[in-house]
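Q: I have a model open and want to learn how to read it. Where do I begin?

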Amino acid sequence: MAEIKNTAKTFKLNTGASIPAVGLGTWQSPPGAVEKAVEAALRAGYRHIDTAFAYGNEKEVGQGIRASGVPREEIWLTTKLDNPWHKRVPEALERSLANLGTDYLDLYLMHWPSSTDPEDTRKHYPDWDFVDTWREMQKLVETGKVKNIGVSNFGIKNLERLLNDPSCKMVPAVNQIELHPGNPSPKLVAYCAQKGIHCSGYSPLGSTDSPLYKNETLGSIAKAKNRSVQQVLLLWGVKKGWSVLPKSINADRVKANFDLDGWDLTDEELAKIDAIPDRFKVCGDSWLPVKVFFGDDE
Ligand SMILES: NC(=O)c1ccc[n+]([C@@H]2O[C@H](COP(=O)([O-])OP(=O)(O)OC[C@H]3O[C@@H](n4cnc5c(N)ncnc54)[C@H](OP(=O)(O)O)[C@@H]3O)[C@@H](O)[C@H]2O)c1
């Protein structure tokens, strides 16, 4: 029987592009460590890197890509428009491209549906919001500097507003959202699928000090398969149909998180993980000047 190649899996976007199922996350990966993590990931076979202007590490992510020797065109590179830059979309893109040392992005995401005033980040612009920002982002595609555009942290309510606005000519290719067994968001995932929007799952391991590592259901499945809980979590996400973005700055863990080939999860195991009842969310919206989560995604 041919070996199961979960890491070679890609998901087709509504633009025709294919996004690799497993990408390296880089939030809280400090400059100095992230370069090595990106290099280790690309050497281990990852072909998808997720960063953001707000992470303050785009330069080192770019250095890691170059240090790996993997050609740029073989890598799916995502970065994100930061909230205080919503009125300056072309300038924000130029900064990210310069930081990363590349002339194009595979995916540019609006990081949050929050058009924050850069003069006072506790304030939202009175005369601008994410619909205006998306109108500007759409113009980037024809420049060739951005292959695909998408959003992040959008729930159903904000997606409805965006998609129903006459200025919306492009359906976001991706909605990057928090997805793990503690926050599976089945309504939002189904809504996105119905609209042709691919979901990328952030915090797939449950983020820093994840409570999922002590979960008995996950522990018993991992033990039975002779795999780690982390590997089970990542394969669960891929089998659910979303791309996963595990972050690590430890080279051994970066490698282990990509060791997803040659084994599988059964429908019964997937159903057991789906049935984990405990709920928690890593990213809230209390730090933003506007509410973005409305509890409509459960
Ligand atoms: N769009 C958004 O608003 C948004 C929000 C959050 C995250 N994201 C993206 O999604 C990525 C992933 O999310 P995340 O960083 O919150 O969390 P995560 O990937 O779920 O978990 C990362 C944590 O798990 C640890 N870890 C990783 N692999 C491990 C392993 N095999 N065994 C034990 N511990 C392990 C990491 O520590 P070490 O580094 O020490 O290994 C780190 O503490 C981010 O990095 C970012 O790219 C996007």
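The dialogue below goes from the overall fold to single residues.

A: Begin with the ground rules. This is a predicted model: local features need pLDDT of at least 70, side-chain atom pairs count only at pLDDT 80 or more, and totals for chains, interfaces and linings use all residues. Residues are numbered from 1 along each chain as its sequence is written.

Q: Which residues of helix 2 are buried?

A: Buried means 20 or more other C-beta atoms, placed from the backbone, within 10 Å of the residue's own. Helices are DSSP runs of H or I, at least four residues, and strands are runs of E, at least two, numbered from the N terminus. In helix 2 (residues 58-68), the buried residues are Glu58, Glu60, Val61, Gly62, Gly64, Ile65 and Ser68. An α-helix has 3.6 residues a turn, so residues three or four places apart point the same way.

Q: What covers the buried residues of helix 2?

A: The cover includes helix 1 (34-44), strand 4 (48-50), strand 5 (76-81) and helix 3 (89-100). After helix 2 comes Gly69, with a positive phi near 80 degrees.

Q: Is Cys192 buried or exposed?

A: Cys192 is buried, because 24 other C-beta atoms lie within 10 Å. Cys192 sits in helix 6 (residues 186-195).

Definitions and conventions
Buried ≥ 20, exposed ≤ 12 C-beta atoms within 10 Å, placed from the backbone. Contact = placed C-beta atoms within 7 Å.
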